[in-house]
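Hi everyone, thanks for coming. I'd like to walk you through one structure today, so please have a look at the screen.

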Amino acid sequence: QVQLVESGGGLAQPGGSLRLSCAASGIRFPYNAMAWFRQAPGKERESVASISSGGSTYYADSVLGRFTISRDIAKSSLYLQMNNLKPEDTATYYCAAWSYMTPGRADTVNAWGQGTLVTVSA
């Protein structure tokens, strides 16, 4: 009964910004670790940013300083603010949740969102 509903994807120009949202239900938000993953066609799914139940955040080196993961407990929502977008950020972005407190790898994710496409192109 866990549901993760994503929104906010779309087209952006290099250097532009987008904000992704993930509305969570069926989990004891914020007691679950959560993350944003992304996957481009033909490529492996990779972790972009994650947050533990205690609020510790983790970022891939490729997005560090440009992306920010955050959560709004009152709204049971997870966000990914993406600034200074680059063409290599183009991918489908997935919201993910674990049943425990600390983020892990993709193959340990307990629930996935449907994905939202982000395209960065001039």
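I'll start with a sheet and then move on to some aromatic rings.

A quick word on the ground rules. This is a predicted model, where local features need pLDDT of at least 70 and side-chain atom pairs count only at pLDDT 80 or more, while totals for chains, interfaces and linings use all residues. Residues are numbered from 1 along each chain as its sequence is written, and side-chain values use heavy atoms, with hydrogens and water left out.

Okay, the sheet. Strands here are DSSP runs of E, at least two residues, numbered from the N terminus, and two of them pair if DSSP finds at least two bridges between them.

Let's zoom in on E7 (residues 67–72) and E8 (residues 77–82), which pair antiparallel over six bridges. Phenylalanine 67 stands opposite methionine 82 in E8, and serine 70 has tyrosine 79 as its bridge partner. The two strands make a hairpin with four residues between them, and serine 76 in that turn has a positive phi of about 50°. Tyrosine 79 has something else going on: the charged end of arginine 19 sits over its ring, 4.0 Å from the centre. "Over" means that CZ of Arg, or NZ of Lys, is within 6 Å of the ring centre and within 35 degrees of the ring normal.

Now, the aromatics. Which residues form the cluster? They're Phe37, Tyr94, Trp98 and Trp112. Rings of Phe, Tyr and Trp (its six-membered ring) pair if their centres lie within 6.5 Å; planes under 30 degrees apart are stacked, over 60 edge-to-face, and the rest tilted. That rule gives three aromatic pairs. Phenylalanine 37 and tryptophan 98 have ring centres 6.1 Å apart and planes at 55°, so that pair is tilted. Phenylalanine 37 and tryptophan 112 are edge-to-face, at 5.1 Å centre to centre and 65° between the planes. Phenylalanine 37 lies in E4 and tryptophan 112 in E10, so this pair ties together parts 75 residues apart in sequence.

Buried or exposed, where does phenylalanine 37 fall? It's buried, at 2% relative accessible area, whereas tryptophan 112 is partly exposed at 31%. The cut-offs are under 20% for buried and over 50% for exposed, with partly exposed in between (1.4 Å probe, protein chains only).
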